[in-house]
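The exercises below are meant to be worked with the sequence and the coordinates open side by side. Each one sets a task and then goes through a solution step by step.

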Amino acid sequence: MTDAAAAGETDAGRTAKLELDSVVKRFGQRTVLDHVDLSVAESEVICLIGASGSGKSTLLRCCNLLEPIDDGAIYLDGVDISEPGLSTDPIRRRIGMVFQNYNLFPHMNVLRNVTIGPMKVLGQSTAVAQVAAHELLAVFGLADKARAYPDQLSGGQQQRVAIVRALAMKPELMLLDEITAALDPELVGEVLDVIRGLKQERMTMVLATHEMSFAREISDRVAFLDQGVVCEIGSPQQIFNDPVEPRTRQFLQRVIDAGRL
Amino acid sequence: MTTPLTRRQRYEQRTKRRSFAIAAASTIVVLAAVVVLLPMTSGWQKVRHSFFDGSILRFSLGHMLGPFWYDVQIFLWCAPCILLGGLSLAFARNVRSPALFPLRLFSTIYTDVFRGVPMVLWITLIGFGVPGLLQSRNLGRAVIWGSVALIAAYSAYVGEVFRAGIESVHESQRAAARSLGMTSTQTMRHVILPQAIRRVVPPLMNDLVSLQKDVALISILGPVEVLRQAGIDKAKFFNFTPYVAAAVLFLCVSVPLTRTTDHLLQRERRRTGATAVR
Ligand SMILES: Nc1ncnc2c1ncn2[C@@H]1O[C@H](COP(=O)(O)OP(=O)(O)O)[C@@H](O)[C@H]1O
Ligand SMILES: [Mg+2]
């Protein structure tokens, strides 16, 4: 990868797909990520849980370089992508991101939403991009929606289109930020099914989620964030059945009290 | 097949019919009052004679079509230049790169200055001032510099409209586009600008309606467009009816434009899902 070569020397010691090394992020005086370490292996699925405001979204946005970090480093395939002054566009195209509020482009139909990235960023021809898009849409049960506009779709359909839009770029890993949080309860299932499918395809994923039972089911590891710190990280069994940290226990207790687990 | 109306629907229908009847009746009463009572007022004969003289009106309407077409032409070449100028200003005010800071500063000052001075003053300043400087016969034509003044000042207004449109597109759209790997230029071109322009069509139309009327200000520079022609005819007939004829001509263009704007606004409101509360 020429981008990688340009980005700096590969550190042979770093074998993870994505690695955060002591990442600090501040908004003004406020430290939102406080020396966060996290390493995501190839094909691993990691769920980020934690109260709202704990820094899950910020962490994901930093990984995608949508937010510059203040200290530490982020490595993709062992290459420091957080190096100041590095061109961010070639890195972002390798990372897929899906947002809580779908963020589809409302003035484009579904097909255009899905093909614009491959065409403008990867330089694919319209024909090639459209064939690929139709295939992907069919896989996710959206074949008949290609000509529809986002506001003609249900929330679940819109979120599936957003996932397809990210997948059309053939990303090496996916960052998913509370992708079911804006959905009506009966629509959550169809979106979670898509994620189950992606896990079967061995996609590397980092998800911020409030769906605890889903996190338990799909994760290889679960990370509990509290006030910008990765407070505890471990297998889902360990985190949910046998949390070590008192703050993790407290958080899970609150989730249970709210009837969400 | 028609299903019989429910009680509620019948009620709605009756209410609607009644409101329509009331509106029609009150309109007729007011109109009748105007038609009957106005001629009875003491000054009416004089007013009618100097503003609404039938034969002069007919003559003027025909006579001023040519000059009015001149106004329309000025409008037609100014409008695209203004849209382009406005868009450029909006971009210039949005640049973030420190090297381009002077550009940003310039466009900010430009906008303030051109919006802060009455249009008539710009037309006088540029329309009389620049030809005096140039002393060239071709470049000295008043209509050219009048148009330049209109374009320069209106670009400032339209630039602000575009800028507001660009800023109204939510940050999350930018994040979505950038996360696909689009450059900031691609993001602007394919994601932000198309949405911004759609939103500012109604306010832009408003500015175009004003422009269409302000074209007449060029008359102070001398070209025989409709307002000046009306002035000439007024002097000829010792009568104000030519001005009324000019007004009628302007209305013929601006009323359809305004109605279209309202229609677009309403469609936008419907699209965004707001309904009127009774
Ligand atoms: N753009 C921003 N400017 C200032 N503060 C922010 C910004 N984005 C997030 N924050 C703050 O950072 C903290 C973490 O936010 P976030 O990452 O969205 O948490 P989560 O996704 O876990 O709910 C919150 O306190 C939030 O107010
Ligand atoms: Mg969040």
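**Exercise 1.** Is B:Arg174 buried, partly exposed or exposed?

*Solution.* The model is a predicted one, and the accessible areas used here are computed from it. Step one is to take the relative accessible area of B:Arg174, which is 28%. Step three is to look for a charged partner: the side chain of B:Arg174 meets that of B:Glu171 in a salt bridge, with 3.6 Å from N to O. Because the two residues are three apart in helix 8 of chain B (residues 171-179), about one helical turn separates them.

**Exercise 2.** Describe the salt bridge between A:Lys17 and A:Asp77, and say which parts of the chain the pair links.

*Solution.* The closest N and O atoms of A:Lys17 and A:Asp77 are 3.1 Å apart. The pair links distant parts of the chain, 60 residues apart, since A:Lys17 sits in the loop between helix 1 (2-7) and strand 1 (18-27) of chain A, while A:Asp77 belongs to the loop between strand 4 (71-76) and strand 5 (79-80). With a relative accessible area of 5%, A:Lys17 is buried, whereas A:Asp77, at 33%, is partly exposed.

For a second pair, consider A:Lys25 and A:Glu67, whose side chains form a salt bridge at 3.9 Å, N to O. A:Lys25 lies in strand 1 of chain A and A:Glu67 in the loop between helix 2 and strand 4, so this pair ties together parts that are 42 residues apart in sequence. Both A:Lys25 and A:Glu67 are buried.

**Exercise 3.** Which elements of chain A each supply at least two residues to the shell around ligand 1, and which gives the most?

*Solution.* Strand 2 (30-40) and helix 2 (56-63) each supply at least two residues, and helix 2 gives the most, with three. Sorted by class, the shell holds three nonpolar, six polar and two charged residues. Turning to atom pairs, an oxygen atom of ligand 1 is 3.1 Å from a polar backbone atom of A:Gly55, an oxygen atom is 2.9 Å from a polar backbone atom of A:Lys56, and an oxygen atom is 2.5 Å from an N or O atom in the side chain of A:Thr58. Taken alone, ligand 1 exposes 560 Å², of which the protein buries 61%.

Conventions. Residues are numbered from 1 along each chain as its sequence is written. Chains are lettered from A and ligands numbered from 1 in the order in which they are written. This is a predicted model: local features need pLDDT of at least 70, side-chain atom pairs count only at pLDDT 80 or more; totals for chains, interfaces and linings use all residues. Side-chain values use heavy atoms; hydrogens and water are left out. A polar contact is a pair of N or O atoms within 3.5 Å; within protein, one must be able to donate a hydrogen and the other to accept it, and residues adjacent in sequence count only if both atoms are side-chain atoms. Accessible areas come from the Shrake-Rupley method with a 1.4 Å probe; for residues, only the protein chains shown count as cover. Helices (H or I, at least four residues) and strands (E, at least two) are DSSP runs, numbered from the N terminus. Ala, Val, Leu, Ile, Met, Phe, Trp, Tyr, Cys and Pro count as nonpolar, Asp, Glu, Lys and Arg as charged, and the others, Gly among them, as polar. A salt bridge is a side-chain nitrogen of Lys or Arg within 4 Å of a carboxyl oxygen of Asp or Glu. Buried means under 20% relative accessible area, exposed over 50%, partly exposed in between (1.4 Å probe, protein chains only).
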